[in-house]
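Q: I have a model open and want to learn how to read its features. Can we work through some together?

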Amino acid sequence: MTDRFLRACRRQAVDRTPVWLMRQAGRYLPEYRALRQRVDFLTLCKTPELAVEASLQPLRRFPLDAAIIFSDILLPLEALGCRMTFNPGPRLAEPIRTREQVAALDRRAAAETVPFVGEAVGLLRRELDGRTPVIGFCGAPFTLAAYLVQGEGKEGFGALKTLQYREPATLEALLETLTAAMIDYLRLQISSGAQAVQIFDSWAGLLDSPGYQRFALRWVRTIVDGIADLEVPVIYFINGGPHLIEDAATSGADVLGICWRTPLDVAAARVGPGMSLQGNLDPHALFAAPDEVRRLTRDVLARAAGLPGHIMNLGHGILPDTPIPSVEALIDTVQHTTGKAAQPATETCRR
Ligand code: 1CP
């Protein structure tokens, strides 16, 4: 088994830097688009055999060091009684903006309401047969609340920020419900075979530091505490939050996912020791020619040189039109510039 990803999460020695890509299963792959021609997105997520097929597609093409279960952060919200469609982004049938709506959310167990996610994780784990570790995931409560309150992904999330200031207690009640649901949801994935979990906080950057501590960080900490007894590494990814790095470093997670906006050496100095870092090539960098992708990848690796537990990744999810040769160039560069034989010094030697 290639356990360099799990070892890096725990800051143990590795033979080379592990690499996987956020949203590695998805529309940039022709085989994913072919699968989607046959079935709609929700059917794909809810049919364990098909979800596993989508998870395996990027692994067949690229020597990735981790698999991530194919689902979406919004899926478990259906289990709370929220109806939604995807085209391609999520849209809620009815945004949640009142105390009454929060109180009316369903609170049944994930094993009962989204059993297909547990089944898919178990099936993926068996299919990989120990060759590649399986990552489970969920959305962070604030990021989930962003979609629930706004009703869709929308620049600025005005309805969410209005609720934050006008009725903070309503937002907190919603966050509390989401936190309990996500603890239960991650526990289901871990007991089904997930060997690490990632919490995606894609919209935490909408908050200033006091707001972040109250409406985002506190609930992420509760999730980390709520699964600590299961002893799997936890990755906390926060997007758009260069102003929140010091706060985010206190989440209790093992790994902090850094978005593309902050160079890793700068982030490392601000995070301090005791956490692995994941990231952080700009997803748009993959639209450069492969040689430039190699150069930019070496730059990220050089900035992470000497950090215990760097996990190479993008600094946000891979974009739908990303050219495949660029993905190959990124992964190949990680494989050949890190490790025993080739230290990050290669960068300097080659110049
Ligand atoms: O048309 C299609 O095929 C649907 C496109 C799609 C896909 C492939 C969506 C809709 N979700 C997904 C899969 C998905 N989403 C994964 C799969 C596993 C993998 O990583 O390979 C994961 C981890 C997610 C997580 C997710 N969904 C996040 C967090 C990560 C991030 O990028 O910030 C967010 C914010 C979502 C919401 C969402 N779902 C889908 C879209 C297009 C969006 C973004 C909408 C927006 O811009 O707000």
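Q: How do the axes of helix α9 and helix α10 lie, and at what angle do they cross?
A: First, keep in mind that this is a predicted model. To read a helix pair, take the approach of the axes, then the angle. Here α9 (residues 141-150) and α10 (residues 158-166) have axes that come within 8 Å. They cross at roughly 105°. Angles of 65 to 115 degrees count as roughly perpendicular, so α9 is roughly perpendicular to α10.

Q: Which residues make that contact?
A: List each side in turn. From α9 come F142, A145, A146, V149 and Q150. From α10 come G158, A159, L160 and L163. By class, the contact of α9 with α10 has seven nonpolar and two polar residues. No charged residues take part in it.

Q: What is the crossing angle of α2 and α4?
A: Helix α2 spans residues 30-38, and helix α4 spans residues 48-61. Their axes come within 9 Å and cross at roughly 160°. An angle over 145 degrees counts as roughly antiparallel, so α2 is roughly antiparallel to α4. The crossing of α2 past α4 is right-handed.

Q: Which residues of α2 and α4 meet?
A: On the α2 side, they are P30, E31, Y32 and L35. On the α4 side, they are L50, E53, A54, Q57 and R61. The contact of α2 with α4 holds five nonpolar, one polar and three charged residues.

Q: How do the axes of α4 and α8 cross?
A: Helix α8 covers residues 115-128. The axes of α4 and α8 come within 8 Å and cross at roughly 45°.

Q: Which residues of α4 and α8 make the contact?
A: α4 brings P48, E49, A51, V52, S55, L56 and L59. α8 brings F116, E119, A120, L123, L124, E127 and L128. The classes are ten nonpolar, one polar and three charged.

Q: Now the backbone. What do most residues and peptide bonds look like?
A: Most residues other than glycine have a negative phi, and most peptide bonds are trans. Look for departures from that.

Q: What is omega for the cis bond from G279 to N280?
A: Omega for that bond is near 0°. N280 belongs to the loop between β8 (276-278) and α15 (290-304).

Q: Is the phi of D129 positive or negative?
A: Positive: phi of D129 is near 50°, and D129 is a residue other than glycine. Find D129 in the loop between α8 and β4 (134-139).

Q: Which residues lie nearest the centre of the largest pocket?
A: The lining has 35 residues, and R23, R27, D72, G317 and I318 lie nearest the centre. By class, the pocket lining has 21 nonpolar, nine polar and five charged residues.

Q: How many cavities of 30 Å³ or more does a search of the whole structure find?
A: Two. The largest cavity has about 40 Å³ of space.

Q: Which residues line the largest cavity?
A: They are I238, G241, P242, I245, G257, I258, C259 and T262. Five of the lining residues are nonpolar and three are polar. None is charged.

Note on methods:
Residues numbered from 1 in each chain as written. Predicted model: local features only at pLDDT ≥ 70, side-chain atom pairs only at ≥ 80, totals over all residues. Heavy atoms only, no water. Axes fitted to C-alpha atoms, helices over the stretch in contact; angles between N-to-C directions. Helix = DSSP H or I, 4+ residues; strand = E, 2+ residues; numbered from the N terminus. Parallel < 35°, antiparallel > 145°, perpendicular 65-115°, else oblique. Left-handed = near helix turned anticlockwise from the far one by under 90°. Contact = heavy atoms within 4.5 Å. Nonpolar A, V, L, I, M, F, W, Y, C, P; charged D, E, K, R; others polar. 1 Å grid on protein atoms, 1.4 Å probe; cavity = no way out; pocket = protein on both sides within 12 Å on 5 of 7 lines; lining within 4 Å. Points joined across faces, edges and corners; volume = space filled by probe spheres on them.
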